[in-house]
Amino acid sequence: MKKTFFKKVAIVGVGLIGGSLALDMKRLGPAGHVVGIGRSRENLRIAESRKIVDSWTTDPARGAEGCSLVVVAVPVKSVARVVDSIMPVLDKGTIVTDVGSVKEKIIEEVEPLLKDGVSFVPAHPIAGTEHSGAGAALTGLFKDKKCIITPTPATNQEALNTIRELWQEVGSQVVIMDAKLHDIILAGVSHLPHVIAYSLVNTIASMEEKKGQTLLEFSAGGFRDFTRIASSSPEMWADICSMNRTAILDAIEEFQRTLEELKESIARDELSAIKRAFERAKKIRDAHIADG
Ligand code: NAP
């Protein structure tokens, strides 16, 4: 396989995902000089001290100048604004890519902003943690994880191949998918669980208020495991809910139907129906975990 190499790369948003990609691009070869671009100097200083970036700036256009690759790793509602602000300084042949958790809306907003000779390759690595910022960046985060690329008829084939190689070089298994399908799938397996985790914690908080009694101090591993992702960045997840609204609403409705069924079985004390529902879920999850 041809080794991808970018002499100068800009990472806009040096957080968990942008920072982790920068670390691996430097460690594994695809990047020469990495420029970090962000809003807060404090975060960029952390990125510099952790050697995630070689230089940094809070001025996107200045940072992107002379880069052959720009990775936009900011919350999904800000991706188009960033692309718009850097477009005038990009050279012909530059590839812009993103890592956003929503694809259709980003494509809809970004593609009209592209000037001649600049390519956009929409991508989404399926990897992460509940932590944010440059301090949370990890080497090897993408190893053996999927990265979904959602090209459109306008995507330049050469640029697509380059971005596919980049993700393969950091250890990901690349899947090419239609953006709409991506958004429906991720609404189910990622966005819905986050919505439920945030809601569950708020449910417990409301119960505490109503009962004037602390509940959380009696919680154990189950609650902790279930709600880990409720510690994720509220800014990032509010953006995702807004940008993938239709698919998330469909997923919430499906969840409400399933929960209502279970509620009915519990209300009627239908032990066999309750057991059937739990057995079905356990079988599916156990098989999924066994599959790795
Ligand atoms: P993060 O750790 O919060 O990093 C985002 C970074 O973007 C922050 O460090 C922030 O830096 C910077 N930023 C925010 N708005 C900006 C703007 N307008 N211009 C420049 N910099 C800006 O978040 P993340 O988890 O890496 O997520 C980044 C992207 O990856 C999102 O689109 C998300 O949907 C996607 N994603 C996340 C995960 C996950 O599990 N977390 C997984 C896959 C994909 P400042 O401190 O300077 O504001």
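The dialogue below sets computed values against their definitions.

Tutor: This is a predicted model, in which local features need pLDDT of at least 70 and side-chain atom pairs count only at pLDDT 80 or more, while totals for chains, interfaces and linings use all residues. Residues are numbered from 1 along each chain as its sequence is written, and side-chain values use heavy atoms, with hydrogens and water left out.

Student: How many helices and strands are there in the protein chain?

Tutor: The protein chain has 11 helices and nine strands. Helices (H or I, at least four residues) and strands (E, at least two) are DSSP runs, numbered from the N terminus.

Student: Why is the protein chain called as compact as a globular protein of that length?

Tutor: The globule rule is 2.2 Å times the number of residues to the power 0.38, and the radius of gyration is taken over C-alpha atoms. For 292 residues the rule gives 19 Å, and the radius of gyration of the protein chain is 21 Å, which is close to it; therefore the chain is as compact as a globular protein of that length.

Student: What makes T94 count as buried or exposed?

Tutor: Buried means under 20% relative accessible area, exposed over 50%, and partly exposed in between (1.4 Å probe, protein chains only). T94 has 2% relative accessibility, so T94 counts as buried. Of the 292 residues in the protein chain, buried residues make up 42%.

Student: Where does T94 lie, and which residues does T94 touch?

Tutor: T94 lies in the loop between α4 (79-86) and β5 (95-98). Contact means heavy atoms within 4.5 Å. Leaving aside residues up to four places away in sequence, T94 touches C67, S68, L69, V70, G117, V118 and S119.

Student: How far is the backbone oxygen of C67 from a polar atom of the side chain of T94?

Tutor: The distance is 3.3 Å. A polar contact is a pair of N or O atoms within 3.5 Å; within protein, one must be able to donate a hydrogen and the other to accept it, and residues adjacent in sequence count only if both atoms are side-chain atoms.

Student: Why are K51 and D269 called exposed?

Tutor: K51 has a relative accessible area of 63%, so K51 is exposed. D269 is at 60% relative accessibility and therefore counts as exposed. K51 is in the loop between α2 (41-49) and β3 (55-57), and D269 is in the loop between α10 (245-267) and α11 (271-290).

Student: What is phi of K51 and of D269?

Tutor: Phi of K51 is near 60 degrees, a positive value in a residue other than glycine. D269, which is not a glycine, has a positive phi of about 55 degrees.
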